[in-house]
Amino acid sequence: MTSHPQNDGAPPPLDRRPPPPVLLLRHPTQFSVLDRPLPDTFRFLKPWKSPLPLGDFLSSADARAAEAILTSGMTPVTAEMLRRLPGVRLVVTTSAGLEHIDVAECRRRGIAVANAGDAYSEDVADLAVGLLIDVLRKVSASDRYGRRGSWSGEGEFALGSKLGGKRVGIVGLGRTGLKVAKRLEAFGCAVSYNSRKAKPYVSYPFHSNVCELATNCDALVICCGLNEETHHMITREVLLALGKEGVVVNIGRGSIIDEKEMVQLLVQGELGGAGLDVFENEPNVPEELLALDNVVLSPHRAVFTPESLSDLCDLVIRNLEAFFSNKPLLSPVLDE
Amino acid sequence: MDSIGVLMACPMNAYLEQELEKRFRLFRFWQVPQKPQFLKEHAASIRAVVGSSVAGADAELIEALPRLEIVSSFSVGLDKIDLGKCREKGIRVTNTPDVLTEDVADLAIGLCLAVLRRICASDKYVRSGKWKKGDFRLTTKFTGKTVGIIGLGRIGTAIAKRAEAFNCPISYNSRTEKPDCKYKYYPSVVELASNCHILIVACPLTPETRHIINREVIDALGPKGVLINIGRGPHVDEPELVSALVEGRLGGAGLDVYEHEPEVPEELFGLENVVLLPHVGSGTVETRNAMADLVLGNLEAHFTNKPLLTPVV
């Protein structure tokens, strides 16, 4: 790596140096699904192409030259890995979630972290709203009913419940949560929220704990990330507080909800309904849910539109280019 | 008032039926074995008809009820009532506007999301166990898509307001351009269809708007376009719609209404880019109760010589 006098020892800009080596833990599906090639402005190190197991690969001279890591939500970036790759100064993940990255270790080592930023938040928010409408208005259930030819028979299909006037509690008022809130307001819902801290520039009522939020709401939309505090945060108690007509929508991570308890409450009629894009043990979905008409099940596809994936691919490339041009990251994960 | 005869045209709501039974002498037209015989016997005591989107009061029925004073519809749509005949005979007509506006608009957006994001199809995918074998396909983003609305009345406006929250640019067609309207107007439905991704039918059904969605409009909407119908089945040339969907010339459809309800074209059953609802636009407990109360309120007002709550004629 040649240094350039005006950069004070900082690495030279992208166009004046060989392509920076980036450790690619797994080929990002977002690129392959869209048939987009990875940019050749970077030299991607691909451990799966080496005969060495990952552990040994990380000890190789090739790997140790890595200046950045590009990962997805599936492959962990551990403290151990970071210890073995002292040249790494940036971790980019294609996911919004960070639970697979030892962010604390990154901070300790001065390693920058970038995630999916806003690339997915509109699609995820749209799906959250779509699931809520579906549960309340029985869209999927009525569609099934119609296709059986049942409508030609006697009954009036069971009536749904009006969206307008419903009190909806957003759990986690981040990028996605805020977009869910904005959309729900247009339907006449009364929005309130729980988050780690109250947000100063937001007018929605804040509840300091999720049980209190549930007590004051008709529906909860889970929009937060998964971490130690949020694991099984939605307990049986929280769901009971939502009431017999209560609805829970989850577009965060399956383990934020105590799934076993939720299933039991749904089966027993103690919870009104659920719209779920995520589950504790994907792609396994609790059998009991498959028989219920008041749940809507989505196979973790909240971000899978060509629009979001394309935005994400652009973002990954731009983050890498920015970092190696000494410009600010577009979607840095900042301390809160 | 329990001597006043009220003819209920078809089943529509249990609460409404109960209340009508309590307050009036209720006749259930659908339970009558011989309609001509029934009318001969009871026509003289029938002073009101309660109709819905399914059955109302056509010219024939109106002629058969010489003492008919009021038709109160459990719907906002008036296409099942011969309004001309009612005007001619001085018969009052009421409907249920406003109380159902939000529910219908909510469902229109729910259908947009269900079709574009394949919510119903992916629910089916999970229930059938297919997720264990592989991921579901990509779906289409809703935020930011251009939405074209036919009919910018109460319901059309409510749909626009909701779609705006998803940053959808809104355009519309209606009989006349609305002054001071921030949405883009297109003078023809074909032009509107050519310039939007999602076309939503939200106008009343009249002789002019019958088959307003025809082959030309469907072609203009195209293989990526989506049609949402929360109006009336006859707004759409249904055989044209079905063949366009089956042949892939139209991207998708979310339908709450059909030309010959309760029949739904079977050819659509196997398509995952179609959502088929059994006319539930206003189908919530809250709204149906509010609609029933309006029907009852209008009848009460009429028979106690007070101003009608929601008169049309």
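This report walks through a sheet in chain A, the helices lying across it, one glutamate, and an annotated domain in chain B, all in a predicted model.

## The sheet in chain A

Let's start with the strands. Chain A has an open sheet built from six of them, in the order 7-6-8-9-10-11, with parallel pairing. Strand 7 (190-194) and strand 11 (295-297) of chain A sit at the edges; each has a single partner strand, so one side of each goes without a neighbour in the sheet. On average, neighbouring strands here are turned by 15° against each other, ignoring direction.

Zooming in on one pair, strand 8 (residues 219-222) and strand 9 (residues 247-250) of chain A run parallel and share four bridges. Within this pairing, A:A219 faces A:V247 of strand 9.

## Helices across the sheet

Helix 6 (residues 121-137) of chain A lies across strand 6 (167-171), strand 8, strand 9, strand 10 (273-276) and strand 11, and runs at about 150° to strand 9. Helix 11 (residues 259-268) of chain A lies across strands 9, 10 and 11, at about 140° to strand 10.

## A look at A:E185

A:E185 belongs to helix 8 (residues 175-186) of chain A. Its relative accessibility is 41%, so A:E185 counts as partly exposed. Setting aside neighbours within four places in sequence, A:E185 touches A:V191 and A:Y204. As for A:Y120, it is 65 residues from A:E185 in sequence and 20 Å away in space, C-alpha to C-alpha.

## The annotated domain in chain B

Over in chain B, an unreviewed UniProt entry places "domain: D-isomer specific 2-hydroxyacid dehydrogenase NAD-binding" at residues 109-281. That stretch of chain B is 29% helix and 14% strand, and its end C-alpha atoms are 11 Å apart.

Terms used: Residues are numbered from 1 along each chain as its sequence is written. Chains are lettered from A and ligands numbered from 1 in the order in which they are written. This is a predicted model: local features need pLDDT of at least 70, side-chain atom pairs count only at pLDDT 80 or more; totals for chains, interfaces and linings use all residues. Side-chain values use heavy atoms; hydrogens and water are left out. Helices (H or I, at least four residues) and strands (E, at least two) are DSSP runs, numbered from the N terminus. Buried means under 20% relative accessible area, exposed over 50%, partly exposed in between (1.4 Å probe, protein chains only). Contact means heavy atoms within 4.5 Å. UniProt positions are given in the numbering used here, feature names are shortened, and annotations may be inferred rather than shown by experiment. Two strands pair if DSSP finds at least two bridges between them. Axes are lines fitted to C-alpha atoms, for helices over the stretch in contact, and angles run from 0 to 180 degrees between N-to-C directions.
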